[in-house]
Structures are given as C-alpha cells and as structure tokens.
Amino acid sequence: MALSFAATSNPSPVSPERRAEILAAPGFGQFMTDHMIRATWTDGEGEGWHSGELTAYGNISISPAASVLHYAPEIFEGLKAYRHEDGSVWTFRPDKNAERLQASARRMVLPELPTEDFLESLRVLVEADQAWVPAYGDGEKSLYLRPFMFGSQAFIGLKPVNEATYMVIASPAASIFKGGPKPITLWVAEQYARAGAGGTGAAKCGGNYASALRGQLEGAENGCDQAVFLDSSTHTYVDELGGMNVFFVTKDGKLVTPELTGTILPGITRMSILELAKEFDLTPEERKVEIQEWKDGVASGDILEVFACGTAAIVTPIGGLKWQGGEAPPTAGEHGGEVTRGIRERLLSLQQGRTEDSYGWMHRLV
Ligand code: PLP
Ligand code: COI
C-alpha cells in the first residue's frame, strides 16, 4: 500500500521577515525549511514502509547502537525544486532520483522505497514549505531537496538492518560555489581514491563523500576548488569529482565523459547532457579518459572545454588542472567556454520553465 504522510504543522515556523532575509542570500546547505519528512521501514510481519509523517524540522533521536553510527548504511539523493513563472513548483526527473535511491539501497542492503512514495514525500514537503521556494527569475536560486535513508536498528553486530529510517529535508540554495559560476580549478587526487572496483562508487552513499574529503582538502591546500579522482587500480583514468561528473568538449565535435564502470555515480545531469548533446551538434561519447589525455588535450587544443556537472553544481566550467609538481594551461577564459555556457543555459532554462519541456523531464510538485 502506498505510504501517506500525516501532517503536523510547525507551531513556530521561521518568520516571513527572516525567511525573506535567508532567501535573499541562501548560500548552499546552510538554512533548513520549517518541516521535514520521516518514515520507517520494519522488516518482517509484512510491515514494510510505515509511519510516514511531516513534522516540524528539528533534531532527531536515535540509539547510540544504531547501525548507521557504526557501519554507515546511509544513502541519499539531491534534487532541486524550481518556481515557474505562474507560481507552480517543479522538479527535474525525480523518477531518476527515485530509481537511483533504489539502486543505492540494493548495494547498501537497505530497503527500497517505491518511486510513488518517494515522489509523494517530495510533494508533501514542498507543499508545506512552498514559501521557501525562491521566486521565478531570481538568478539560479532553487529549493534543494535532500532525501536520505539510514539503518536505524539498535544492534552492534554486522548484518542487514531490520529497521531503516527515510527522511527528506529541504534547504534554499544559490550557487554551490562562492561568487557564482566562475571557472574552477581542479586538483588531481593522485594519492587518494574515492571508490574502487567492486566498491560503492556507483551508489550515492555517505561513505563515498567521507572518503573524498581528504583529496578535496589536499586540493584546497594547493589552491584548488575541487579534486578530481582517478581509478583506484591504475591511477590512470578519470573517474569524477567528489560531487560532480566531468565532460570534455573536443575539437572534433565530441562531448566526452568517463563511462560508467561501477566506480562513478550515474549523474542525472550527466545523463541529461548526453541527451542534449545533439542540440549542440556534438556527438556524445562515453568511454575511458586517461588523465594524460586531459593534460595533453588542453595543451594541444584537442580539448576545447572541460566542465563539471551535477544537481548542486549545475554546469560549472573547469578552468585549471593542477597536480603534484605540475599544472595544465588554463582552458575556460573568465566565464567558461561557449559550449559549456550554452549547455548550462539550456539546462537551466528547462528547469526554470523558461522554455518548453520538449523532453518531458519536468515533474510538477505544487
Ligand atoms: N557525482 C557525485 C559523486 C555526486 O555526488 C553527484 C551529485 O549528486 C553527481 C556526480 C551528479 O549527479 P546528479 O547530476 O544526479 O546530481
Ligand atoms: C548534489 O549535487 O546534489 C550532491 O549531492 C552533491 C553534494 C556534494 C552537494
């Protein structure tokens, strides 16, 4: 039976004045809305998912023995809600996020949440917190939605959990990068891998991000904005960034991205850009990309543009590449290359409802 979410309104929501202040400069991930979603899964006795609720946003209580605190069975999603010109609120390909959460759940031995329950949880939260969705035409602002699930069973042994908790929180968002969409510089994390063959790289699980942080910090110490991770076996091939996929625009008209080998997150932005390539007369190509090809390509001019993409990052030009003892010539100019800017604008115009949704990618929430 489909899950329903019993609603209890927050008795002391953020005041309209304070909310307006927050929405004027939300940053990324700093402020939460007034409500949250919660549901529980219990194994056995045919219970499955139950106790769905919408409540005031606030701290939660879990047992110190909860599985997530010890063995990290935790998975999450990230998607955005956009206000369109007529006031309605939409999100982008949420069925794909639902499917990816199910795939992550299978890998991490957590229960799958049916797509209809996932979509309903987003609808209920965004309906309650619709005043938090930034106005149409307010730059690239949106309401970032963060569904997540963790093993909440109190048991110290290692085995599949018999209780899991699903939640959704929401946070108004501007650009993930301070100063907006300017070209970023990447650090090649040669010493650190984010995910290995047979591991959890294709799942959106918390542990992948904990393991990416050290490489990212090393990059920051070397003056870079983000780190790019290589395959953990040979340190030869480009995988992805800590929270974004990567694309190359080549001189011979290809739009190249590393193929999905099981160590890379199958990004929904990535998948969509591969479909948009034809609009830019580019041939999409998913294949292995050597880090050396990147270094040589930007030096020779065979690679014209490089960009990163993801829900939080949208499409972000990559201007520089540094590694221990070297750096590649800059690629993006001050505002990123023409194709990068074109794809960014195409995607944003679809998401923000400024152009007809010819792909049927948008899903109305409110
Ligand atoms: N790669 C990683 C590791 C990510 O965390 C994300 C962001 O969710 C992406 C890629 C891009 O995925 P999507 O486009 O679905 O947001
Ligand atoms: C997203 O783009 O939604 C992500 O989950 C990336 C995260 C590191 C902010």
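**Aromatic contacts and cysteines**

In the predicted model, Trp-361 is buried, its relative accessible area being 6%. Together with Phe-92 and Tyr-359, Trp-361 makes up one aromatic cluster.

Eight aromatic pairs are present in the structure. One of them joins Phe-28 and Tyr-144 in an edge-to-face arrangement, with 5.1 Å from centre to centre and 65 degrees between the planes. Phe-28 belongs to the loop between helix 1 (16-24) and strand 2 (35-42), whereas Tyr-144 is part of strand 7 (residues 142-151); the pair therefore ties together parts that lie 116 residues apart in sequence. Tyr-359 and Trp-361 form a stacked pair, for which the centre-to-centre distance is 4.3 Å and the angle between the planes is 20 degrees. Tyr-359 is partly exposed, with a relative accessible area of 22%.

Aromatic rings also meet charged side chains. The charged end of Lys-159 is positioned over the ring of Phe-155, at 4.6 Å from the ring centre. Likewise, Lys-288 places its charged end over the ring of Tyr-237, 5.7 Å from the centre.

With a cut-off of 2.5 Å between cysteine sulfur atoms, the count of disulfides is zero. Cys-205 takes part in none, and the nearest cysteine sulfur, belonging to Cys-309, is 19 Å away. Cys-224 is likewise in no disulfide; for Cys-224, too, the nearest cysteine sulfur is that of Cys-309, at 19 Å. Cys-205 is buried, with a relative accessible area of 3%, and Cys-224 is buried as well, with a value of 7%.

Notes:
Residues are numbered from 1 along each chain as its sequence is written. Chains are lettered from A and ligands numbered from 1 in the order in which they are written. This is a predicted model: local features need pLDDT of at least 70, side-chain atom pairs count only at pLDDT 80 or more; totals for chains, interfaces and linings use all residues. Side-chain values use heavy atoms; hydrogens and water are left out. Buried means under 20% relative accessible area, exposed over 50%, partly exposed in between (1.4 Å probe, protein chains only). Rings of Phe, Tyr and Trp (its six-membered ring) pair if their centres lie within 6.5 Å; planes under 30 degrees apart count as stacked, over 60 as edge-to-face and the rest as tilted. Helices (H or I, at least four residues) and strands (E, at least two) are DSSP runs, numbered from the N terminus. A charge sits over a ring if NZ of Lys or CZ of Arg is within 6 Å of the ring centre and within 35 degrees of the ring normal.
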